Amino acid sequence: MLNSLRTKLTLSMLITSLAAISVMALITPWLLEQRFVNEAREVHFKGFVRAIEEFRQDHQEWGGRQSALLINQYLSNRQAAPIRPALSDQRPTVSNSFRFVLTDHQGFVFLPFFEYELGQQLSAEQLQQANPLTLDGELVGYALGGGELPLTDQDKSYLLIQSRSMLIGAAAGLAVTLLLSLTMGSQLVKHLQALTRAAIEMSKGNLNQRVQVEGKDEVALLAREFNRMAQELNNTYAELKASNETIKAQAEAMQELSLRDELTSLHNRRYFNQQFRLMHHQAIRYQDALALALGDIDNFKQINDRFSHHIGDAVLKQVAVLMQKEIREADVLARYGGEEFVILMAHTDKRQAEGLIDRIRAKVEAWPWHQLASELHVTISFGISDKLDSDLGHSMLVEADNRLYQAKDLGRNRVCV
(Lines give C-alpha, C1' and ligand atoms only; values in the text may rest on other atoms or scores of the structure.)
Protein backbone atom coordinates (compact mmCIF):
# COMPACT_ATOMS: atom_id res chain seq x y z
CA MET A 1 0.00 0.00 0.00
CA LEU A 2 2.80 2.42 0.91
CA ASN A 3 4.70 1.55 -2.29
CA SER A 4 1.58 2.57 -4.19
CA LEU A 5 1.49 5.77 -2.11
CA ARG A 6 5.13 6.51 -2.99
CA THR A 7 4.36 6.01 -6.72
CA LYS A 8 1.29 8.23 -6.56
CA LEU A 9 3.20 10.90 -4.66
CA THR A 10 6.03 10.86 -7.23
CA LEU A 11 3.64 11.04 -10.17
CA SER A 12 1.69 13.82 -8.50
CA MET A 13 4.85 15.88 -7.96
CA LEU A 14 6.01 15.22 -11.55
CA ILE A 15 2.65 16.18 -13.06
CA THR A 16 2.47 19.30 -10.87
CA SER A 17 5.96 20.37 -11.93
CA LEU A 18 5.27 19.77 -15.64
CA ALA A 19 1.98 21.66 -15.34
CA ALA A 20 3.78 24.59 -13.72
CA ILE A 21 6.41 24.65 -16.48
CA SER A 22 3.70 24.49 -19.15
CA VAL A 23 1.78 27.36 -17.61
CA MET A 24 4.93 29.47 -17.35
CA ALA A 25 5.81 28.66 -20.98
CA LEU A 26 2.41 29.94 -22.06
CA ILE A 27 2.12 33.08 -19.97
CA THR A 28 5.79 34.22 -19.74
CA PRO A 29 5.99 35.68 -23.31
CA TRP A 30 2.68 37.45 -22.85
CA LEU A 31 3.75 38.85 -19.48
CA LEU A 32 7.08 40.05 -20.93
CA GLU A 33 5.32 41.72 -23.85
CA GLN A 34 2.87 43.45 -21.51
CA ARG A 35 5.75 44.65 -19.36
CA PHE A 36 7.55 45.82 -22.48
CA VAL A 37 4.53 47.83 -23.63
CA ASN A 38 3.93 49.28 -20.16
CA GLU A 39 7.54 50.45 -19.89
CA ALA A 40 7.29 52.04 -23.33
CA ARG A 41 4.12 53.85 -22.30
CA GLU A 42 5.72 55.11 -19.11
CA VAL A 43 8.61 56.55 -21.10
CA HIS A 44 6.19 58.33 -23.41
CA PHE A 45 4.06 59.55 -20.53
CA LYS A 46 7.12 61.18 -18.92
CA GLY A 47 7.85 62.92 -22.21
CA PHE A 48 4.26 64.17 -22.44
CA VAL A 49 4.35 65.52 -18.88
CA ARG A 50 7.69 67.22 -19.50
CA ALA A 51 6.30 68.92 -22.61
CA ILE A 52 3.25 70.15 -20.69
CA GLU A 53 5.49 71.42 -17.87
CA GLU A 54 7.63 73.41 -20.31
CA PHE A 55 4.51 74.89 -21.93
CA ARG A 56 3.10 75.95 -18.55
CA GLN A 57 6.34 77.69 -17.65
CA ASP A 58 5.96 79.90 -20.73
CA HIS A 59 2.16 80.34 -20.54
CA GLN A 60 0.24 81.18 -17.41
CA GLU A 61 -3.02 79.74 -18.74
CA TRP A 62 -3.51 75.96 -18.83
CA GLY A 63 -6.80 74.24 -19.56
CA GLY A 64 -9.59 74.87 -22.02
CA ARG A 65 -9.95 74.99 -25.83
CA GLN A 66 -7.73 78.04 -26.32
CA SER A 67 -4.97 76.54 -24.22
CA ALA A 68 -5.21 73.33 -26.27
CA LEU A 69 -4.72 75.26 -29.52
CA LEU A 70 -1.73 77.11 -28.08
CA ILE A 71 0.11 74.00 -26.86
CA ASN A 72 -0.55 72.29 -30.19
CA GLN A 73 1.15 75.18 -31.94
CA TYR A 74 3.94 75.10 -29.37
CA LEU A 75 4.55 71.43 -29.96
CA SER A 76 4.41 71.82 -33.71
CA ASN A 77 7.10 74.48 -33.52
CA ARG A 78 9.26 72.11 -31.52
CA GLN A 79 8.50 69.30 -34.05
CA ALA A 80 6.99 67.24 -31.23
CA ALA A 81 10.43 66.25 -29.98
CA PRO A 82 9.43 66.17 -26.32
CA ILE A 83 6.60 63.77 -26.85
CA ARG A 84 8.67 61.32 -28.89
CA PRO A 85 11.83 61.11 -26.80
CA ALA A 86 14.93 59.35 -28.02
CA LEU A 87 15.44 56.12 -26.10
CA SER A 88 18.62 54.34 -25.20
CA ASP A 89 19.35 50.82 -26.39
CA GLN A 90 18.56 49.47 -22.95
CA ARG A 91 14.94 50.77 -22.99
CA PRO A 92 11.99 49.38 -24.94
CA THR A 93 10.81 51.31 -27.99
CA VAL A 94 7.59 51.35 -29.96
CA SER A 95 6.83 52.02 -33.56
CA ASN A 96 5.42 55.39 -34.63
CA SER A 97 2.24 53.58 -35.68
CA PHE A 98 1.35 53.33 -32.03
CA ARG A 99 -0.22 56.74 -31.27
CA PHE A 100 -1.58 58.71 -28.30
CA VAL A 101 -4.31 61.32 -28.27
CA LEU A 102 -3.35 63.94 -25.65
CA THR A 103 -5.76 66.17 -23.74
CA ASP A 104 -5.47 68.67 -20.93
CA HIS A 105 -6.92 67.96 -17.51
CA GLN A 106 -10.35 69.15 -18.72
CA GLY A 107 -10.36 66.73 -21.66
CA PHE A 108 -9.64 69.21 -24.52
CA VAL A 109 -7.57 67.54 -27.26
CA PHE A 110 -4.28 69.29 -27.98
CA LEU A 111 -2.60 66.44 -29.91
CA PRO A 112 -5.20 64.81 -32.18
CA PHE A 113 -4.94 61.50 -34.00
CA PHE A 114 -7.38 59.12 -35.65
CA GLU A 115 -10.96 60.41 -35.51
CA TYR A 116 -10.27 62.99 -32.79
CA GLU A 117 -10.00 66.69 -33.67
CA LEU A 118 -7.98 69.52 -32.22
CA GLY A 119 -9.86 71.36 -29.47
CA GLN A 120 -12.46 68.59 -29.15
CA GLN A 121 -13.49 67.87 -25.56
CA LEU A 122 -13.67 64.14 -24.73
CA SER A 123 -16.63 62.78 -22.81
CA ALA A 124 -16.34 61.45 -19.28
CA GLU A 125 -16.68 57.89 -20.62
CA GLN A 126 -13.78 58.44 -23.04
CA LEU A 127 -11.60 59.93 -20.32
CA GLN A 128 -12.24 56.88 -18.14
CA GLN A 129 -10.49 54.79 -20.83
CA ALA A 130 -7.52 57.18 -20.97
CA ASN A 131 -4.37 57.18 -18.83
CA PRO A 132 -4.06 60.15 -16.44
CA LEU A 133 -0.91 62.30 -16.66
CA THR A 134 0.27 63.75 -13.34
CA LEU A 135 2.97 66.15 -12.26
CA ASP A 136 3.97 66.02 -8.60
CA GLY A 137 0.57 64.46 -7.82
CA GLU A 138 -1.36 67.07 -9.86
CA LEU A 139 -3.54 65.92 -12.78
CA VAL A 140 -2.34 67.83 -15.86
CA GLY A 141 -3.80 65.80 -18.73
CA TYR A 142 -4.85 62.50 -20.30
CA ALA A 143 -3.27 60.15 -22.86
CA LEU A 144 -5.57 57.91 -24.93
CA GLY A 145 -3.60 55.19 -26.76
CA GLY A 146 -4.53 53.78 -30.15
CA GLY A 147 -3.17 51.74 -33.00
CA GLU A 148 -1.23 48.50 -32.99
CA LEU A 149 2.11 47.82 -31.41
CA PRO A 150 4.28 46.36 -34.18
CA LEU A 151 7.51 44.90 -32.82
CA THR A 152 10.82 45.30 -34.59
CA ASP A 153 13.25 42.42 -35.06
CA GLN A 154 15.31 43.87 -32.24
CA ASP A 155 12.24 43.99 -30.00
CA LYS A 156 11.33 40.42 -30.85
CA SER A 157 14.88 39.23 -30.20
CA TYR A 158 14.88 41.04 -26.87
CA LEU A 159 11.58 39.42 -25.84
CA LEU A 160 12.70 35.96 -26.98
CA ILE A 161 15.92 36.14 -25.00
CA GLN A 162 14.07 37.33 -21.91
CA SER A 163 11.45 34.58 -22.29
CA ARG A 164 14.05 31.85 -22.70
CA SER A 165 16.03 33.12 -19.74
CA MET A 166 12.96 33.13 -17.54
CA LEU A 167 11.87 29.67 -18.74
CA ILE A 168 15.32 28.18 -18.18
CA GLY A 169 15.46 29.68 -14.70
CA ALA A 170 11.95 28.45 -13.93
CA ALA A 171 12.72 24.95 -15.25
CA ALA A 172 15.89 24.78 -13.18
CA GLY A 173 14.00 25.96 -10.09
CA LEU A 174 11.24 23.44 -10.69
CA ALA A 175 13.77 20.65 -11.20
CA VAL A 176 15.37 21.47 -7.86
CA THR A 177 11.92 21.70 -6.30
CA LEU A 178 10.98 18.30 -7.76
CA LEU A 179 14.20 16.74 -6.45
CA LEU A 180 13.64 18.19 -2.99
CA SER A 181 9.99 17.11 -3.10
CA LEU A 182 10.94 13.56 -4.02
CA THR A 183 13.47 13.47 -1.19
CA MET A 184 10.98 14.84 1.29
CA GLY A 185 8.27 12.55 -0.10
CA SER A 186 10.49 9.52 0.38
CA GLN A 187 11.13 10.60 3.97
CA LEU A 188 7.39 11.17 4.44
CA VAL A 189 6.57 7.68 3.15
CA LYS A 190 9.22 6.22 5.45
CA HIS A 191 7.62 7.90 8.45
CA LEU A 192 4.15 6.81 7.33
CA GLN A 193 5.44 3.24 7.04
CA ALA A 194 6.64 3.41 10.64
CA LEU A 195 3.29 4.77 11.78
CA THR A 196 1.41 2.09 9.81
CA ARG A 197 3.51 -0.75 11.23
CA ALA A 198 2.98 0.57 14.76
CA ALA A 199 -0.78 0.88 14.19
CA ILE A 200 -0.95 -2.70 12.83
CA GLU A 201 0.96 -4.03 15.84
CA MET A 202 -1.41 -2.17 18.16
CA SER A 203 -4.40 -3.71 16.37
CA LYS A 204 -2.87 -7.12 17.18
CA GLY A 205 -2.77 -6.24 20.87
CA ASN A 206 0.89 -5.16 21.08
CA LEU A 207 0.22 -1.82 22.74
CA ASN A 208 3.79 -0.94 23.68
CA GLN A 209 4.52 0.79 20.34
CA ARG A 210 6.58 3.94 19.74
CA VAL A 211 7.46 5.83 16.53
CA GLN A 212 10.70 7.82 16.33
CA VAL A 213 10.21 10.89 14.09
CA GLU A 214 12.34 13.98 14.65
CA GLY A 215 11.36 17.50 13.65
CA LYS A 216 8.53 19.97 14.08
CA ASP A 217 6.47 19.29 10.95
CA GLU A 218 2.99 17.76 10.80
CA VAL A 219 4.30 14.17 10.52
CA ALA A 220 6.50 14.61 13.59
CA LEU A 221 3.54 16.14 15.43
CA LEU A 222 1.39 13.17 14.34
CA ALA A 223 4.06 10.73 15.55
CA ARG A 224 4.33 12.42 18.95
CA GLU A 225 0.55 12.41 19.31
CA PHE A 226 0.49 8.73 18.30
CA ASN A 227 3.13 7.95 20.93
CA ARG A 228 1.18 9.84 23.56
CA MET A 229 -2.08 8.06 22.75
CA ALA A 230 -0.27 4.70 22.59
CA GLN A 231 1.21 5.31 26.05
CA GLU A 232 -2.16 6.35 27.45
CA LEU A 233 -3.82 3.31 25.86
CA ASN A 234 -1.13 1.04 27.22
CA ASN A 235 -1.50 2.52 30.72
CA THR A 236 -5.29 2.30 30.54
CA TYR A 237 -5.08 -1.29 29.35
CA ALA A 238 -2.70 -2.18 32.20
CA GLU A 239 -5.01 -0.53 34.73
CA LEU A 240 -8.04 -2.25 33.21
CA LYS A 241 -6.26 -5.60 33.20
CA ALA A 242 -5.26 -5.17 36.84
CA SER A 243 -8.80 -4.11 37.69
CA ASN A 244 -10.24 -7.12 35.85
CA GLU A 245 -7.86 -9.46 37.64
CA THR A 246 -8.87 -7.93 40.97
CA ILE A 247 -12.55 -8.26 40.10
CA LYS A 248 -12.00 -11.82 38.91
CA ALA A 249 -10.16 -12.72 42.11
CA GLN A 250 -12.88 -11.11 44.19
CA ALA A 251 -15.56 -12.90 42.20
CA GLU A 252 -13.77 -16.23 42.64
CA ALA A 253 -13.38 -15.52 46.33
CA MET A 254 -17.07 -14.64 46.60
CA GLN A 255 -17.95 -17.75 44.64
CA GLU A 256 -15.79 -19.86 46.90
CA LEU A 257 -17.30 -18.23 49.99
CA SER A 258 -20.77 -18.92 48.68
CA LEU A 259 -19.86 -22.61 48.43
CA ARG A 260 -18.10 -22.87 51.80
CA ASP A 261 -19.46 -23.38 55.30
CA GLU A 262 -18.34 -20.43 57.40
CA LEU A 263 -17.81 -22.44 60.61
CA THR A 264 -16.02 -25.59 59.40
CA SER A 265 -14.58 -24.25 56.11
CA LEU A 266 -15.98 -27.38 54.43
CA HIS A 267 -18.06 -27.13 51.26
CA ASN A 268 -21.70 -26.39 51.96
CA ARG A 269 -24.91 -28.09 50.87
CA ARG A 270 -25.16 -25.94 47.75
CA TYR A 271 -21.79 -27.14 46.50
CA PHE A 272 -22.68 -30.73 47.38
CA ASN A 273 -25.91 -30.52 45.34
CA GLN A 274 -23.99 -29.27 42.28
CA GLN A 275 -21.39 -32.03 42.53
CA PHE A 276 -23.94 -34.72 43.35
CA ARG A 277 -26.01 -34.03 40.22
CA LEU A 278 -22.88 -34.14 38.05
CA MET A 279 -21.35 -37.28 39.62
CA HIS A 280 -24.68 -39.10 39.75
CA HIS A 281 -25.29 -38.38 36.04
CA GLN A 282 -21.81 -39.58 35.06
CA ALA A 283 -22.13 -42.75 37.16
CA ILE A 284 -25.39 -43.71 35.43
CA ARG A 285 -24.10 -42.78 31.95
CA TYR A 286 -20.88 -44.75 32.27
CA GLN A 287 -22.38 -47.48 34.51
CA ASP A 288 -19.85 -46.68 37.22
CA ALA A 289 -20.16 -47.07 41.00
CA LEU A 290 -20.97 -44.13 43.27
CA ALA A 291 -21.35 -44.22 47.06
CA LEU A 292 -22.89 -41.62 49.35
CA ALA A 293 -22.44 -41.50 53.14
CA LEU A 294 -24.52 -39.38 55.51
CA GLY A 295 -22.99 -38.76 58.94
CA ASP A 296 -24.50 -37.25 62.09
CA ILE A 297 -22.72 -36.43 65.37
CA ASP A 298 -24.34 -38.48 68.14
CA ASN A 299 -26.24 -36.58 70.87
CA PHE A 300 -25.05 -33.24 69.56
CA LYS A 301 -27.93 -31.37 71.21
CA GLN A 302 -26.85 -32.68 74.59
CA ILE A 303 -23.28 -31.48 73.90
CA ASN A 304 -24.59 -27.96 73.24
CA ASP A 305 -26.84 -28.06 76.29
CA ARG A 306 -24.24 -29.48 78.69
CA PHE A 307 -20.99 -27.88 77.43
CA SER A 308 -22.32 -24.72 75.61
CA HIS A 309 -22.70 -23.84 71.98
CA HIS A 310 -19.12 -22.64 71.89
CA ILE A 311 -17.93 -26.17 72.65
CA GLY A 312 -20.45 -27.49 70.15
CA ASP A 313 -18.91 -25.29 67.41
CA ALA A 314 -15.44 -26.50 68.38
CA VAL A 315 -16.64 -30.10 68.08
CA LEU A 316 -17.99 -29.45 64.58
CA LYS A 317 -14.67 -27.89 63.51
CA GLN A 318 -12.63 -30.80 64.88
CA VAL A 319 -14.84 -33.44 63.31
CA ALA A 320 -14.45 -31.62 59.96
CA VAL A 321 -10.64 -31.69 60.36
CA LEU A 322 -10.62 -35.42 61.15
CA MET A 323 -12.84 -36.22 58.17
CA GLN A 324 -10.75 -34.12 55.77
CA LYS A 325 -7.60 -36.03 56.78
CA GLU A 326 -9.17 -39.40 55.93
CA ILE A 327 -11.06 -38.82 52.69
CA ARG A 328 -9.46 -39.24 49.27
CA GLU A 329 -8.64 -36.36 46.92
CA ALA A 330 -11.44 -37.31 44.52
CA ASP A 331 -14.05 -37.51 47.30
CA VAL A 332 -16.47 -34.65 48.04
CA LEU A 333 -16.95 -33.72 51.70
CA ALA A 334 -19.56 -31.15 52.75
CA ARG A 335 -21.45 -29.97 55.80
CA TYR A 336 -24.99 -31.03 55.01
CA GLY A 337 -26.64 -29.06 57.78
CA GLY A 338 -26.41 -28.63 61.56
CA GLU A 339 -24.34 -31.57 62.84
CA GLU A 340 -24.74 -33.57 59.60
CA PHE A 341 -22.01 -34.27 57.06
CA VAL A 342 -22.11 -35.91 53.63
CA ILE A 343 -19.38 -37.66 51.62
CA LEU A 344 -19.52 -38.56 47.91
CA MET A 345 -17.14 -41.28 46.74
CA ALA A 346 -16.75 -41.82 42.97
CA HIS A 347 -15.90 -45.27 41.53
CA THR A 348 -16.84 -46.77 44.91
CA ASP A 349 -19.66 -49.13 45.94
CA LYS A 350 -21.11 -49.28 49.46
CA ARG A 351 -18.92 -52.15 50.56
CA GLN A 352 -15.75 -50.33 49.50
CA ALA A 353 -17.02 -47.14 51.12
CA GLU A 354 -17.71 -48.91 54.42
CA GLY A 355 -14.01 -49.30 55.22
CA LEU A 356 -13.24 -45.59 54.70
CA ILE A 357 -16.28 -44.41 56.61
CA ASP A 358 -15.67 -46.75 59.53
CA ARG A 359 -12.10 -45.47 59.75
CA ILE A 360 -13.46 -41.94 60.04
CA ARG A 361 -15.91 -43.07 62.73
CA ALA A 362 -13.06 -44.63 64.70
CA LYS A 363 -10.88 -41.50 64.40
CA VAL A 364 -13.71 -39.36 65.78
CA GLU A 365 -14.28 -41.71 68.71
CA ALA A 366 -10.58 -41.94 69.56
CA TRP A 367 -9.75 -38.25 69.46
CA PRO A 368 -8.96 -36.71 72.92
CA TRP A 369 -12.10 -34.64 73.32
CA HIS A 370 -11.26 -33.84 76.92
CA GLN A 371 -8.88 -31.24 75.48
CA LEU A 372 -11.95 -29.20 74.60
CA ALA A 373 -13.96 -29.93 77.76
CA SER A 374 -13.60 -32.27 80.71
CA GLU A 375 -15.77 -35.41 80.41
CA LEU A 376 -16.57 -34.57 76.76
CA HIS A 377 -16.90 -37.63 74.56
CA VAL A 378 -17.93 -37.46 70.86
CA THR A 379 -19.01 -40.19 68.45
CA ILE A 380 -20.59 -40.17 64.99
CA SER A 381 -22.94 -42.47 63.06
CA PHE A 382 -23.12 -43.05 59.29
CA GLY A 383 -25.50 -44.44 56.70
CA ILE A 384 -24.21 -45.48 53.25
CA SER A 385 -25.95 -45.99 49.91
CA ASP A 386 -24.83 -46.83 46.38
CA LYS A 387 -28.29 -47.02 44.85
CA LEU A 388 -28.33 -45.54 41.34
CA ASP A 389 -31.78 -44.72 39.95
CA SER A 390 -32.73 -42.26 37.24
CA ASP A 391 -34.24 -39.85 39.76
CA LEU A 392 -31.39 -37.35 40.09
CA GLY A 393 -30.06 -39.12 43.21
CA HIS A 394 -33.20 -38.85 45.34
CA SER A 395 -33.32 -42.61 46.01
CA MET A 396 -29.66 -42.62 47.09
CA LEU A 397 -30.20 -39.81 49.58
CA VAL A 398 -33.29 -41.47 51.00
CA GLU A 399 -31.54 -44.81 51.41
CA ALA A 400 -28.45 -43.23 53.03
CA ASP A 401 -30.72 -41.33 55.42
CA ASN A 402 -32.60 -44.52 56.30
CA ARG A 403 -29.33 -46.33 57.01
CA LEU A 404 -28.27 -43.40 59.23
CA TYR A 405 -31.47 -43.73 61.29
CA GLN A 406 -30.83 -47.42 61.48
CA ALA A 407 -27.37 -46.72 62.94
CA LYS A 408 -28.94 -44.42 65.51
CA ASP A 409 -31.54 -47.00 66.47
CA LEU A 410 -28.88 -49.69 66.89
CA GLY A 411 -27.04 -47.65 69.49
CA ARG A 412 -25.13 -44.97 67.54
CA ASN A 413 -21.39 -44.83 66.86
CA ARG A 414 -21.65 -47.22 63.96
CA VAL A 415 -21.88 -47.49 60.14
CA CYS A 416 -24.89 -49.07 58.46
CA VAL A 417 -24.86 -50.20 54.83
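This is a predicted model: local features need pLDDT of at least 70, side-chain atom pairs count only at pLDDT 80 or more; totals for chains, interfaces and linings use all residues.
The chain's secondary structure comes to ten helices and nine strands. Of its 417 residues, 37% count as buried.

Now for the interior. In soluble globular proteins, nonpolar side chains tend to be buried together. Here the largest nonpolar core has 32 residues, and the members touching the most others are Ile-297, Val-315, Val-319, Ile-343, Ile-357, Ile-360 and Leu-376. At least two core residues come from each of β5 (290–297), α7, α8, β7 (340–346), α9 (350–366) and β8 (380–385). The top contributor is α8, with seven residues. As for Ile-357, its contacts, leaving out residues up to four places away in sequence, are Ala-293, Ile-343, Met-345, Phe-382, Ile-384 and Val-415. There is also a second, separate core of 20 residues, with Val-49, Ile-52, Leu-102 and Leu-111 among them.

Back to α8 and its helical neighbour. Helix α7 (residues 300–307) packs against helix α8 (residues 309–326) at an angle of about 135°, and their axes lie 6 Å apart. An angle over 145° would count as roughly antiparallel, so α7 and α8 are oblique to each other instead. On the α7 side, the contact is made by Phe-300, Ile-303, Asn-304 and Phe-307, while α8 brings in His-309, Ile-311, Gly-312, Val-315 and Leu-316. Sorted by class, this contact has six nonpolar and three polar residues, with no charged ones.

Terms used:
Residues are numbered from 1 along each chain as its sequence is written. Side-chain values use heavy atoms; hydrogens and water are left out. Axes are lines fitted to C-alpha atoms, for helices over the stretch in contact, and angles run from 0 to 180 degrees between N-to-C directions. Helices (H or I, at least four residues) and strands (E, at least two) are DSSP runs, numbered from the N terminus. Angles under 35 degrees count as roughly parallel, over 145 as roughly antiparallel, 65 to 115 as roughly perpendicular and the rest as oblique. Contact means heavy atoms within 4.5 Å. Ala, Val, Leu, Ile, Met, Phe, Trp, Tyr, Cys and Pro count as nonpolar, Asp, Glu, Lys and Arg as charged, and the others, Gly among them, as polar. Buried means under 20% relative accessible area, exposed over 50%, partly exposed in between (1.4 Å probe, protein chains only). A nonpolar core is a set of buried Ala, Val, Leu, Ile, Met, Phe, Trp, Tyr and Cys residues joined through side-chain atoms within 4.5 Å.
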